[in-house]
Amino acid sequence: MPKYLSLPLILLLSGCLSLACCQYLIYFYAPAEATMGLIQKIFYIHLPLAWWSLFSFFLVFLGSVLYLLKRAPAADRLCAAAAETGVLLSGLALLTGMLWARKSWGVWWTWDPRLTTTLIMWFIYAGYLVLRGLNLPRQRKGLVCAVVGVVAFLDVPLVFVSARIWRSIHPAVLGAQDGGLEPEMKFTVTACAVAFGLFWAGLVWLRKCQLDLRARMCASAGAAPQNGHCRKTTPHPR
């Protein structure tokens, strides 16, 4: 195994094992919620998915700023890896939230501020991935994607504060003053968030290593990476 793949794989496997251990905490250690019962345990998966998807998009923002400043192809590849992971996690967060909403609110979907801003965010970054797949010159595409990566981040803090600045039925569980979480619930959700963090870090890092490897292979062949393939660059006639 190449050395540069060993650490991300260790993180990924550590995250998988930690998530497996978290299943005991979720179903046996944490008590069942009084009104919702077993379905409330989706919370321990839903919350880390949402948090780490937001952090993925923050990483896209940082990588985009770095690319605009340095024109570093490695920063562009970091944006690609983080955006792919963020779209996956935010999509799963939406799906698990819908399962929770069906039991809690009686509907699969409602145009609540938190849900609406999250859905808009998902479409924005899904469009960002579509943009990355367009057949454009590498430097031009990197510049356009970096600008979009910076602008798209404007919706991310809005998702976080939407339930607080607008009237929302989405629960702000960790900020609740009355009720809140039992100590066992707090410990379980913290453990799940850490486990997801290990899994997230390994996933993003491994995807970044794959993109780096492809770029090196293309460079050794005298080609440029384009939409998952190495394409020969033809000089423009003078």
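## Close-up views of a predicted helical model

**Figure 1. Lys 103 sits in helix H3.** The model shown here and in the views below is predicted. Lys 103 is exposed, because its relative accessible area of 53% is over 50%. Setting aside residues up to four places away in sequence, Lys 103 touches Met 36 and Ile 39. Gly 37 lies 66 residues from Lys 103 along the chain. The C-alpha atoms of Lys 103 and Gly 37 are 9.8 Å apart.

**Figure 2. The whole protein, as a guide to the close-ups.** The protein has 7 helices and 2 strands. Read from the N terminus, the order is α-α-α-α-α-α-α-β-β. Of its 238 residues, 41% count as buried. Take the contacts between residues at least 6 apart in sequence: 75% of them join residues at least 24 apart.

**Figure 3. Helix H2 packs against helix H7.** H2 covers residues 43–70, and H7 covers residues 183–220. Their axes are 9 Å apart, at an angle of about 40 degrees. That angle makes H2 oblique to H7. The crossing of H2 and H7 is right-handed. On the H2 side, the contact uses Phe 43, Tyr 44, Ile 45, Leu 47, Pro 48, Leu 49, Trp 51, Trp 52, Phe 55, Ser 56 and Leu 59. On the H7 side, the partners are Met 185, Thr 188, Val 189, Cys 192, Ala 193, Phe 196, Gly 197, Trp 200 and Val 204. By class, the residues of this H2–H7 contact are 17 nonpolar and 3 polar, with no charged residues.

**Figure 4. Helix H3 crosses helix H7.** The axes of H3 and H7 come within 9 Å. They cross at roughly 135 degrees. H3 and H7 are therefore oblique to each other. Their crossing is right-handed. H3 contributes Ala 74, Arg 77, Leu 78, Ala 80, Ala 81, Ala 82, Glu 84, Thr 85 and Leu 89 to the contact. H7 contributes Trp 200, Leu 203, Val 204, Arg 207, Lys 208, Leu 211, Asp 212 and Ala 215. The residues of the H3–H7 contact divide into 11 nonpolar, 1 polar and 5 charged.

**Figure 5. Helices H2 and H3 run roughly antiparallel.** The axes of H2 and H3 cross at roughly 155 degrees and come within 7 Å. H2 therefore counts as roughly antiparallel to H3, the cut-off being over 145 degrees. H2 passes H3 in a left-handed crossing. The contact of H2 with H3 holds 20 nonpolar, 10 polar and 1 charged residues.

**Figure 6. Arg 71 lies in the loop between H2 and H3.** Arg 71 has a positive phi, about 55 degrees, although it is not a glycine. The relative accessibility of Arg 71 is 44%. Arg 71 therefore counts as partly exposed.

**Figure 7. The largest nonpolar core contains 40 residues.** Phe 43, Tyr 44, Val 60, Met 121, Tyr 125 and Val 156 touch the most other members of this core. At least two core residues come from each of H1 (3–29), H2, H3 (73–104), H4 (113–132), H5 (138–152), H6 (155–165) and H7. H3 gives the most to this core, with 9 residues.

**Figure 8. Ala 201 is in helix H7.** Ala 201 is partly exposed, with a relative accessible area of 23%. The cut-off for buried is under 20%, so Ala 201 does not count as buried. Ala 201 and Leu 11 are 190 residues apart in sequence. Their C-alpha atoms are 6.8 Å apart in space.

Technical notes: Residues numbered from 1 in each chain as written. Predicted model: local features only at pLDDT ≥ 70, side-chain atom pairs only at ≥ 80, totals over all residues. Heavy atoms only, no water. Axes fitted to C-alpha atoms, helices over the stretch in contact; angles between N-to-C directions. Helix = DSSP H or I, 4+ residues; strand = E, 2+ residues; numbered from the N terminus. Parallel < 35°, antiparallel > 145°, perpendicular 65-115°, else oblique. Left-handed = near helix turned anticlockwise from the far one by under 90°. Contact = heavy atoms within 4.5 Å. Nonpolar A, V, L, I, M, F, W, Y, C, P; charged D, E, K, R; others polar. Core = buried A, V, L, I, M, F, W, Y, C linked by side-chain atoms within 4.5 Å. Buried < 20%, exposed > 50% of the residue type's maximum accessible area, 1.4 Å probe, protein only.
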